[in-house]
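The sequence and structure come first.

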Amino acid sequence: MLLGSPLTELLLLAGGAALLYAGAELLVKGASDLALAVGLKASTVGVTVVAFATTAPELFVSLLGAVTVSTDTGLGAIVGSNIANIGLVLGVSALIRPLDISQTVFERHVPFMILAALLLVGLGWDGQIGALDGVFMLAVLVAFTAVVLRRVQQTQSSISAAEREGMPDARLRDAAFVVFGIVALVLGSQWLVEGGQSLLSAAGFSDIFIGLTVLALGTSLPELAASVVAAIRGEADFSVGNVVGSNIYNVLAVLGIVAVITPISVSADVRGFEFPALLVVTALVVGLMSRGKRISRADGAVLVATYGGFIYLLLP
C-alpha cells in the first residue's frame, strides 16, 4: 500500500471514526461518573473538562497550521468548527433527543460564548489579530475560568453531609476512562483531518476552504461524538455544556495562544462571509435556547439545515 494513496487516506478516515466513537463512549462514561462522585453538575463538567479536552484538536491544528503552513488554516478551522459545533453538533444531538438548557449554562456560560464570537469579529475586523489581541482574549478566558470556579465552589459548599454520604466514591477506573477517551478523541480526529486534508489538497482546494470544511468538521468530531453519545445516554447537560465551552475555548484559548505566537491574518473574504455566518448561527442558537430553555427536535432540524446551507455557500 503506497503512503499517501487514496486507499491510505480512506483507511485513516475509517480508523479515525472508530477511535472517535470509542473515545466518546469512554469520556462521557468516565466524566459523568466522576461528576457524581465529586458532586459536580454534568453541565459544569461539560463546559470545563469535556469542552477543554475536545478543544485539543483545534489547538493542535491551529498551532501546527500557523507555524508550518499559514494562519488561514487555523483561523478557518476555528470559525468553521464553532459554526459546526452549533449547527451540526447541537443540531444532531437535539434530533436524537431534545436538549434541556440548564439555568447555569444559559445565564453564566452562554454570555461568554456570545462575547467570544463578538471579540473574534471585532478584533479581526481590521484584517489582523495581533499579540495584544491575543493577550486580551486570554484575559477574558481567565475571567470565564474564575466564573466557573466560583460556581464549582458554590456547588461544593451547598452539598450537605447526608448528600455527601450517599455520593459514590471516585474510582481510578473512571479517571482512566476520561484519559483514554481524550487520547482516542484527539488521535481519531487527527487521523480524520490528515486523511481529509490530503484528499482535498490533492484535488486543488485552498487552505481557507480546507480549514472551514474538512479541518473544521474534523476538529468538531470530538464534540460531535461526545455530545451524540451524551444525548443517547440522556445526559443533555453534557451535550450543551460541551458545545458552549468548546466555542469559548476555541476563540479565547486557541486563537489567543496562536495570536501571541504569531499574528493571524484575516482576509476580506473571511470578514465578508465567515464572520457574519458565525454571528448569525450564534444568535440563532441563543434565540432557540431562550424559548423555553430547551432545543427541540424541530430546532435541531433548523440548526442542521443552517449548517448545510453554510457548507453549500462555501462550495467553489
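Ala24 is found in helix α1, which covers residues 6-38. Helices (DSSP runs of H or I, at least four residues) and strands (runs of E, at least two) are numbered from the N terminus. Ala24 is buried, with a relative accessible area of 0%; buried means under 20%, exposed over 50%, and partly exposed in between, using a 1.4 Å probe and protein chains only.

Ala24 touches Leu185, Ala225, Ala226 and Val229, leaving aside residues up to four places away in sequence. A contact here means heavy atoms within 4.5 Å. Ala24 and Leu224 are 200 residues apart in sequence, yet their C-alpha atoms are 8.9 Å apart in space.

## Basis of the model

The model is predicted: local features need pLDDT of at least 70, side-chain atom pairs count only at pLDDT 80 or more, and totals for chains, interfaces and linings use all residues. Residues are numbered from 1 along each chain as its sequence is written, and side-chain values use heavy atoms, with hydrogens and water left out.

## The chain as a whole

The chain has 12 helices and 4 strands. Of its 316 residues, 53% are buried. Among contacts between residues at least 6 apart in sequence, 86% join residues at least 24 apart.

The chain exposes about 13,200 Å², and carbon and sulfur atoms supply 69% of that area. Accessible areas come from the Shrake-Rupley method with a 1.4 Å probe; for residues, only the protein chains shown count as cover.

## Packing of α5 against α10

Helix α5 (residues 103-124) and helix α10 (residues 236-261) pack at an angle of about 35°, and their axes are 9 Å apart. Axes are lines fitted to C-alpha atoms, for helices over the stretch in contact, and angles run from 0 to 180 degrees between N-to-C directions. On the α5 side the contact includes Val105, His109 and Phe112, and on the α10 side it includes Val240, Asn247 and Leu255. The residues of this contact divide into 13 nonpolar, 2 polar and no charged. Ala, Val, Leu, Ile, Met, Phe, Trp, Tyr, Cys and Pro count as nonpolar, Asp, Glu, Lys and Arg as charged, and the others, Gly among them, as polar.

Phe106 is also found in helix α5 and counts as buried at 18% relative accessibility. Phe106 touches Ile101, Pro111, Val286, Met289, Ser290 and Lys293, not counting residues up to four places away in sequence.

## A buried asparagine

Asn85 lies in helix α4 (residues 71-96) and is buried, with a relative accessible area of 0%. Residues that Asn85 touches include Ser220, Glu223, Ser246, Asn247 and Asn250.

## Salt bridges

The structure holds 2 salt bridges, each a side-chain nitrogen of Lys or Arg within 4 Å of a carboxyl oxygen of Asp or Glu. Arg294 forms one with Asp100, the closest N and O atoms being 3.1 Å apart. Arg294 lies in strand β4 (residues 294-295) and Asp100 in strand β1 (residues 99-100), so the pair ties together parts that are 194 residues apart in sequence. Arg294 is partly exposed at 34% relative accessibility, and Asp100 is partly exposed at 42%.

Arg291 forms a salt bridge with Asp299, with the closest N and O atoms 2.7 Å apart. Arg291 is exposed, at a relative accessible area of 53%, whereas Asp299 is buried, at 6%.
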